[in-house]
Amino acid sequence: MKKYLLVLFCTTLLFTANSCKKESDAAEEETVKGSDSYQPATAGSYWKYSGTAAGVAETSTFTVTGKTKVFNNKTYVEVTQASQNFGNQTGYFYIGDGSYAQRASTYINGITVELQYLKTNLEVGSTWTANITDNGQLNGIPARIIGKVLEKDSKRTVNGKSFANVIHTSLDLQYNISGFSTVMTYEFYVAKGVGIIEIKSTSGGTVMSSSKITEYKIK
């Protein structure tokens with residue numbers, strides 16, 4: 001199985017422009033915003049990141065547009081990205097009932113994926129299972145995410161900035177080929193009132209990508 005097919009939005013912090021189909025313009029749901037959220041969603045808020053993906057340096061700026069879209073009867077916040085290497089792109093965050101997810105398309109082959117990277121209502125050591133796509137398959141193979149809370153209410157310093165109230169999660173991306181097995185692991189560090197401050201992906205013990213926050217502003 002070719003692991004390069006698993007280069008997801010969460011790994012590289014890259015979107016594929018106009019990749020997610022709009023399902024509805026139904027009435028908007030209330031979105032968690034402000035300092036109590038682990039992903040502030042106020043229009044004009046932005047985050048800048050730097051890191052590497054497959055050995056290539058990359059910087060990106062993500063900005064909340066203030067727009068929302070509905071997928072599978074859930075409302076998502078639209079976020080645009082200005083990327084050093086890949087131009088201007090669009091993706092989405094879901095925030096609701098203590099769950100946080102990213103929805104976008106894989107850069108290489110354009111598959112729309114959704115990565116549930118955080119569940120704030122779980123205790124340390126707890127796990128959850130989620131689909132990686134709407135039909136539960138990647139490239140025609142059953143796939144899933146197994147998430148785990150590794151730390152809560154911790155502190156972490158990233159690029160010289162100290163963050164408190166950080167939740168650290170790991171996500172195992174698994175394919176079902178004669179049984180589920182892990183092909184990629186992602187680690188997320190998410191700070192309350194700020195959002196994602198660091199991401200790292202590994203495969204077979206090798207770091208595939210990393211991205212760290214360098215600047216942000218919450219409106």
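Two strands pair if DSSP finds at least two bridges between them. Strands (E, at least two residues) are DSSP runs, numbered from the N terminus, as are helices (H or I, at least four). This is a predicted model, in which local features need pLDDT of at least 70, side-chain atom pairs count only at pLDDT 80 or more, and totals for chains, interfaces and linings use all residues. Residues are numbered from 1 along each chain as its sequence is written, and side-chain values use heavy atoms, leaving out hydrogens and water.

Start with confidence. pLDDT is the predictor's confidence in each residue, from 0 to 100. The protein chain averages 83, and 82% of the residues score at least 70. Over residues 1–32, pLDDT stays under 50.

Now follow strand E3, residues 74–83. Of its 10 residues, 7 are buried (under 20% relative accessible area; exposed is over 50%, partly exposed in between; 1.4 Å probe, protein chains only). E3 runs antiparallel to strand E2 (residues 56–71), joined by 9 bridges. Thr68 stands opposite Val77 in E3. The hairpin of E2 and E3 has 2 residues between the strands, and Asn72 takes a positive phi near 50 degrees there. E3 is also antiparallel to strand E4 (residues 87–96), through 8 bridges. Tyr76 has Tyr94 in E4 as its bridge partner.

Next, the cores. A nonpolar core is a set of buried Ala, Val, Leu, Ile, Met, Phe, Trp, Tyr and Cys residues joined through side-chain atoms within 4.5 Å. The largest has 42 residues; Tyr117, Phe188 and Ile197 touch the most other members. Strand E11 (residues 180–191) gives the largest share, 7 residues. A second, separate core of 5 residues includes Phe71, Tyr76, Tyr94 and Ala101.

Conventions: Contact means heavy atoms within 4.5 Å.
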